[in-house]
Every structure is written in structure tokens, then in C-alpha cells.
Amino acid sequence: MHPENDIFEIFDKDENYRYIMKRLLETSMEESYNSIIITEAGPGYPIIYVNPAFCELTGYGPHEVMGKSPSILQGPKTDMAVIDQLNMDISHGKVFHGRAINYRKDGSAFIMQWKIAPIHNEKNEITHYLAIQQIAFD
């Protein structure tokens with residue numbers, strides 16, 4: 001859903017707006033309370049970005065996860081039916097929303113809820129995925 005006055009049209013105006021919007025997006029990702037991961041769309045979905053909230057939530061530093069699959073957060077109690085649904089949704093270009101048990105670097109489990117959205121290039125090809133995550137409280 002896009003608002004009538006799409007704020008992202010500002011990117012088309014001039015270089016100053018591009019800089020401001022880049023800083024706005026960068027700051028919103030870096031300062032978010034929610035964990036954010038960006039992956040490539042290729043095999044294994046290699047991680048190319050994590051924000052500080054991801055590091056706080058999982059105990060992993062950015063250098064420890066770059067190039068790795070987000071599956072490093074899965075473990076023995078992760079519901080594979082949820083992971084299967086995730087793979088089906090993203091393979092069809094859909095936004096995925098789910099909950100599952102994941103694991104921190106220290107091995108402790110937590111229930112995470114997350115959304116994964118495909119990112120398309122100008123040819124409408126999926127090039128990346130954006131995952132927004134948070135601890136789920138029942």
C-alpha cells in the first residue's frame with residue numbers, strides 16, 4: 001500500500017534529496033528497535049547487512065554473519081513447517097510473515113516473529129530480501 005503522496009518520489013527530484021533520503025533510511029534502519037537483515041536473493045540467501053538490533057537480539061556481530069545464511073539462527077526446535085512456508089512464499093514473490101523458535105549465538109532459544117519482503121530491481125527481478133524481526137511475546 002502506497003500513500004497518495006509517495007515520500008519515495010523525492011528520490012527523483014535531485015541529488016540533495018537523494019542524500020537526505022539515503023540518510024533517513026540509513027538512520028531508520030540503524031536506530032530501529034527491530035532486528036533488520038538484508039540478504040541477496042541467491043542460493044543460501046547470503047546476508048549482506050544486519051543492524052545493531054539484530055546483533056543485540058542474537059549476540060552475533062556483523063562480521064560473524066556476513067555472507068552466511070540466516071539459517072544459522074535455526075536449531076532443533078525451529079518449526080520446519082514455518083521454514084517451508086517461508087521458502088514457498090518468497091519463491092512466489094510474496095511477503096512472508098511468521099513465527100518460529102530461533103537461536104542466539106550462545107545457544108539460547110527465543111520465539112521470533114518476522115516479515116520478509118522481496119526487493120525488486122527495475123526489471124522487476126527479485127535481487128534481495130528484507131527481513132524485519134522481533135521477539136514474539138505470547
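This is a predicted model: local features need pLDDT of at least 70, side-chain atom pairs count only at pLDDT 80 or more; totals for chains, interfaces and linings use all residues.
Residues are numbered from 1 along each chain as its sequence is written, and side-chain values use heavy atoms, without hydrogens and water.

Rings of Phe, Tyr and Trp (its six-membered ring) pair if their centres lie within 6.5 Å; planes under 30 degrees apart are stacked, over 60 edge-to-face and the rest tilted. Two aromatic pairs are counted by this rule. One of them is edge-to-face, because the ring centres of Tyr45 and Tyr129 are 5.6 Å apart and their planes stand at 80°. This pair links distant parts of the chain, 84 residues apart: Tyr45 lies in the loop between strand 1 (35-40) and strand 2 (47-50), and Tyr129 in strand 5 (residues 126-135). Helices (H or I, at least four residues) and strands (E, at least two) are DSSP runs, numbered from the N terminus.

Relative accessible area under 20% is buried, over 50% exposed, and in between partly exposed (1.4 Å probe, protein chains only).

| Residue | Relative accessible area | Class |
|---|---|---|
| Tyr45 | 27% | partly exposed |
| Tyr129 | 8% | buried |
| Gln133 | 4% | buried |
| Ile20 | 41% | partly exposed |

Gln133 also belongs to strand 5. Beyond its neighbours within four places in sequence, Gln133 has contacts (heavy atoms within 4.5 Å) that include Asn34, Phe54, Leu73 and Trp114.

Ile20 is part of helix 1 (residues 15-30).
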